[in-house]
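Welcome! Here is a structure to look at together, followed by some questions about how its features get their names.

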Amino acid sequence: MMDRKTLEYMTDRTKKATAIVNKIDGLTKQAEQLINAQEIRFKGNHVLVDLEAWAQKGYRDSARVVAKIKTFAVQAINEEIQQLEEELAAL
């Protein structure tokens, strides 16, 4: 039979696990969206750099930059997912 303390402990772990799973799902979706993105934009206070538009106009160097940015971003997302999966396994 389960006592109140054990139930509270398990409930807390379940909440933490659910939060981690939701983060993983969100990051996975972001990676998929990034891979399929038609535009990459960096926006600052008064500056907007649209690398994808440059790549579509035939600037080969921009196309390579866009591809590298996508690859790097997906890699960073996958590393974060791996860390979250390790946290989940530790629960």
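Q: Why is Asp 12 called partly exposed?
A: Its relative accessibility is 36%. Buried means under 20% relative accessible area, exposed means over 50%, and partly exposed lies in between (1.4 Å probe, protein chains only). Asp 12 at 36% therefore counts as partly exposed. A word on the source: this is a predicted model, where local features need pLDDT of at least 70 and side-chain atom pairs count only at pLDDT 80 or more, while totals for chains, interfaces and linings use all residues. Residues are numbered from 1 along each chain as its sequence is written, and side-chain values use heavy atoms, with hydrogens and water left out.

Q: What makes the contact of Lys 16 and Asp 12 a salt bridge?
A: The two side chains meet at 3.4 Å, N to O. A salt bridge is a side-chain nitrogen of Lys or Arg within 4 Å of a carboxyl oxygen of Asp or Glu, so the pair at 3.4 Å qualifies. By this rule the count comes to 1 salt bridge.

Q: Where do Lys 16 and Asp 12 sit relative to each other in helix H1?
A: They are 4 residues apart, so about one helical turn separates them. Lys 16 is partly exposed, because its relative accessibility is 45%.

Q: How do you know that the span of helix H1 is close to the expected one?
A: Helices are DSSP runs of H or I with at least four residues, strands are runs of E with at least two, and both are numbered from the N terminus. H1 covers residues 4–35, which is 32 residues, and reaches 47 Å from its first C-alpha to its last.

Q: Which residues of H1 are buried?
A: They are Ala 17, Ile 20, Ile 24, Leu 27, Ala 31 and Leu 34. Across the 91 residues of the protein, 21% count as buried.

Q: Why is Thr 71 called exposed?
A: Thr 71, in helix H3, has a relative accessible area of 52%, so it counts as exposed.

Q: What is the order of helices and strands along the sequence?
A: The protein has 3 helices and 2 strands, in the pattern α-β-β-α-α.

Key:
Expected span 1.5 Å × (residues − 1).
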